[in-house]
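Colleague: I'm new to this one and would like a close look at a single part before I see the rest. Could you walk me through it?

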Amino acid sequence: MSGFLGSGKTTLLIRMLQETADFNLVPAVLMNELGKQDVDGHLLQEASPDVNLAKLLDGCICCSKKSDISDAIKQLLIRKPDVIFIELTGVANPEEIVDALTEPVLLPYVKLHKVITVLDAENVLDYNSIFASDRELVHTLRRQMEVADVLILNKIDLVSDKLLKTIEKTIRKYNERSLLLPTTHSKFDLNLIFSDLQPRQSQLVSSTSFNKNMHMHKIIKSTHESTDSTPSASFSRIQSISIPISIELSMSQRFIERYLADWGSKLLRAKGYLMIGPQRETFLMQFAGKRMNWQPTPFKGTPYLVLIGLDLNVRTLEEDWENRLLELQHI
Ligand SMILES: Nc1nc2c(ncn2[C@@H]2O[C@H](COP(=O)(O)OP(=O)(O)OP(=O)(O)O)[C@@H](O)[C@H]2O)c(=O)[nH]1
């Protein structure tokens with residue numbers, strides 16, 4: 001859950017917690033606050049005293065060490081929740097948390113369901129001018145709108161109907177396809193969020209397939225497959241694809257770089273632990289902001305590649321990867 005400071009995230013979180021029981025869901029919460037003082041955490045515990053809660057205080061989740069985030073989520077997973085709500089600070093870009101969720105220790109256990117962005121109707125149009133000198137913040141606030149699966153346009157009691165229309169039109173310039181819900185006190189039908197979540201007991205194992213010839217065991221994190229022309233009905237528009245790669249397979253940096261360059265415009269981020277060259281040395285590959293970085297690493301697990309993108313055509317990406325692997329094996 002993202003949204004600028006004071007937009008109504010905690011209000012929504014408390015409502016969601018109160019209604020999870022109606023959907024047979026056991027919730028957990030990861031809260032992140034900028035200051036050392038945990039105001040929202042106290043509010044939450046007052047409203048929902050038994051909640052399985054982890055907090056990352058004094059820092060934005062996007063700047064926190066990945067190990068802090070994964071430790072917090074691992075701690076929450078001990079009590080086997082069906083859903084984890086993550087409330088980000090007002091200045092966090094939701095893409096960053098997706099990045100953290102694709103760390104090797106979490107990858108098999110968590111799946112991004114939806115990015116919800118809460119907007120403060122009274123102030124949202126002014127952000128560009130108020131923060132004109134802080135380009136990074138303006139960018140973050142724009143990304144909060146662009147990557148959301150659900151946009152909650154909150155505090156509409158504080159604006160006129162005419163202004164509301166203008167705000168909706170402006171938001172649509174950044175995100176024309178996601179659900180846009182005008183609300184007061186973040187109230188809307190939570191079926192829209194919860195109906196396609198299942199309690200843990202009835203969850204299906206994620207789709208897996210094994211193709212020995214290609215030396216590739218792939219686990220598709222997102223069972224939803226979007227195409228460029230089909231809006232996502234469920235699951236998140238930010239998708240992550242994880243491709244475990246056989247330990248027997250070693251490839252060149254160029255092979256990966258070419259693949260990522262060809263899909264670069266679609267990708268927000270990619271990373272992986274890969275065995276490179278005849279020496280089979282393991283590298284951590286990071287691709288962010290169109291830049292690639294390779295670092296030797298002592299990582300000893302199964303090599304894998306993770307691709308994160310917005311509205312990815314998952315099947316096409318996988319097919320392309322498989323075809324390239326076949327070609328590689330015939331060289
Ligand atoms: N008038 C009005 N006030 C609202 C509405 N929704 C929330 N508020 C109030 O706005 C204030 C901020 O709401 P929060 O839910 O704490 O917002 P937040 O996004 O969690 O805030 P941060 O934690 O600072 O980022 C609270 O005093 C809420 O009661 C609304 O629809 N209308």
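Let's take helix H4 (residues 94-101): how many of its residues are buried?

Modeller: Helix H4 is mostly covered, with 8 of its 8 residues buried. A residue is called buried if 20 or more other C-beta atoms lie within 10 Å of its own, exposed if 12 or fewer, and partly exposed in between, with C-beta atoms placed from the backbone. Residues are numbered from 1 along each chain as its sequence is written. Keep in mind that this is a predicted model: local features need pLDDT of at least 70, side-chain atom pairs count only at pLDDT 80 or more, and totals for chains, interfaces and linings use all residues.

Now for the setting of that helix. In the protein chain, 35% of the 331 residues are buried. The chain has 10 helices and 13 strands; these are DSSP runs numbered from the N terminus, helices being H or I with at least four residues and strands E with at least two. The domain assignment, which is automatic or from a database, gives domain 1 (9-194) and domain 2 (205-330). Between the two, 15 residues of domain 1 are in contact with 15 residues of domain 2, contact meaning C-beta atoms, placed from the backbone, within 7 Å.

The largest nonpolar core has 65 residues, and among those with the most contacts inside it are Leu13 and Leu274. Such a core is a set of buried Ala, Val, Leu, Ile, Met, Phe, Trp, Tyr and Cys residues joined through C-beta atoms within 7 Å. Domain 1 (9-194) and domain 2 (205-330) both give residues to this core, so it lies between them. Leaving aside neighbours within four places in sequence, the contacts of Leu274 include Ile245, Phe283 and Leu305.

Of the 17 residues around the ligand, Gly8, Lys9, Thr10, Thr11 and Thr184 come nearest; a residue counts as near if its C-beta atom, placed from the backbone, lies within 6 Å. Helix H1 (residues 9-19) gives the largest share of that shell, 3 residues.

How far can you trust all this? pLDDT is the predictor's confidence in each residue, from 0 to 100. The mean pLDDT of the chain is 80, and 82% of its residues reach 70 or more. Among the elements, strand E6 (residues 179-182) has the highest mean pLDDT (97) and strand E8 (residues 216-219) the lowest (27). Over residues 204-234, pLDDT stays under 50.
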